[in-house]
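These notebook entries record what I looked up in one structure, entry by entry.

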Amino acid sequence: MLEEVYVDLSDKGLHFISPYNDLVVVAGQGTIGVEIFQDLPEVDAVFVAVGGGGLIGGIAAYLKSVKPSIKMIGCQPAQSAVMSASVKAGKILDLESGETLSDGTAGGVEENSVTFELCNYLVDEWILVTEEEIIGAVYQFMENHHKIIECAAGVAFAAYLKEKERFCRQNVVIISCGANISMEDLKRIFFKQD
């Protein structure tokens with residue numbers, strides 16, 4: 001099954017490895033779960049931005065094995081919520097994605113993706129956020145923490161901010177999955193907040 005996810009670039013001496021549809025990649029991403037549990041064994045909930053599902057699949061596979069009560073929260077932009085819609089439908093859907101600032105979570109899920117079953121079995125809840133909520137979360141993070149995060153990371157923060165009252169008095173981890181953001185997107189975020 002895994003052979004299907006590799007694209008033959010052997011004539012160039014290269015092989016394609018999917019950033020999410022590969023069990024070895026997912027296992028590597030699961031080491032984040034190991035680090036979370038080592039640092040905060042009393043963790044109650046983990047918010048993770050989801051595109052293809054590899055990051056949350058790996059993290060959840062480890063955390064649920066050591067503490068099944070942990071709530072894994074999948075976070076997606078409403079404009080590109082293919083995995084959450086697929087889980088809800090019980091099969092991988094071929095849906096078009098709208099335009100989103102969260103390019104790290106945008107797009108579809110490969111047919112027969114190994115991550116679908118992981119998300120279906122291990123993700124407890126899905127929270128969808130609007131583009132305005134993503135912009136607000138990225139801006140608030142920069143304003144409060146003086147750090148730049150990419151909009152995919154903003155998806156997880158926006159989801160938490162949207163539902164933070166429900167998680168009051170709980171030990172919550174929000175995965176900040178990157179700081180790769182263009183100057184054009186930064187300008188859009190700044191001007192939208194003025």
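**Entry 1: A salt bridge within a helix**

I began with Arg188, which counts as partly exposed at 40% relative accessibility. I noted the scale: buried means under 20% relative accessible area, exposed over 50%, and partly exposed in between, with a 1.4 Å probe and protein chains only. Asp185 counts as buried, at 14% relative accessibility. Arg188 and Asp185 form a salt bridge, with 3.8 Å between the closest N and O atoms. A salt bridge is a side-chain nitrogen of Lys or Arg within 4 Å of a carboxyl oxygen of Asp or Glu. The two residues are three apart in helix H7 (residues 183–193), so about one helical turn separates them. Helices (H or I, at least four residues) and strands (E, at least two) are DSSP runs, numbered from the N terminus.

I also noted the basis of these values: the model is predicted, local features need pLDDT of at least 70, side-chain atom pairs count only at pLDDT 80 or more, and totals for chains, interfaces and linings use all residues. Residues are numbered from 1 along each chain as its sequence is written, and side-chain values use heavy atoms, with hydrogens and water left out.

**Entry 2: The other salt bridges I examined**

How many salt bridges does the structure hold? I found five. In one of them, the side chains of Arg166 and Glu125 meet at 2.3 Å, N to O. This pair links distant parts of the chain, since Arg166 is in the loop between H6 and S6 and Glu125 is in strand S5, 41 residues apart. Arg166 also meets Glu163 in a salt bridge, at 2.8 Å, N to O. Arg166 is partly exposed, with a relative accessible area of 42%. Glu125 is partly exposed at 23%, and Glu163 is partly exposed at 23%. Returning to Asp185, I confirmed that it is buried at 14%. Salt bridges that share partners join Glu125, Glu163 and Arg166 into one network.

**Entry 3: The sheet**

In what order do the four strands of the open sheet stand? I recorded S5-S4-S3-S6, with parallel pairing. Strand S5 (125–129) and strand S6 (172–174) are at the edges with a single partner strand each, so one side of each has no neighbour in the sheet. From one strand to the next, the twist averages 20°. Two strands pair if DSSP finds at least two bridges between them. Strand S3 (residues 45–49) and S6 pair in the parallel sense over three bridges. As background, strands of a sheet pair through backbone hydrogen bonds, either parallel or antiparallel.

**Entry 4: Helix H6**

Helix H6 (residues 151–163) has 13 residues and reaches 18 Å from its first C-alpha to its last, close to the 18 Å expected at 1.5 Å a residue. The expected span is 1.5 Å times one less than the number of residues. I found several buried residues in H6, including Cys151, Gly154, Val155 and Phe157. H6 lies across S3, strand S4 (71–77), S5 and S6, and runs at about 105° to S5. Contact means heavy atoms within 4.5 Å. Axes are lines fitted to C-alpha atoms, for helices over the stretch in contact, and angles run from 0 to 180 degrees between N-to-C directions.

**Entry 5: Aromatic pairs**

Rings of Phe, Tyr and Trp (its six-membered ring) pair if their centres lie within 6.5 Å; planes under 30 degrees apart count as stacked, over 60 as edge-to-face and the rest as tilted. By this rule I count three aromatic pairs. The rings of Phe47 and Phe167 have centres 5.0 Å apart and planes at 75°, so this pair is edge-to-face. Phe47 lies in strand S3 and Phe167 in the loop between H6 and S6, so the pair ties together parts 120 residues apart in sequence. Both Phe47 and Phe167 are buried.

The rings of Phe141 and Phe157 have centres 4.7 Å apart and planes at 50°, so this pair is tilted. Phe141 is in helix H5 (residues 131–145) and Phe157 in helix H6, 16 residues apart. Phe141 is buried at 14%, and Phe157 is buried at 14%. Finally, I noted that Phe47, Tyr160 and Phe167 form one aromatic cluster.
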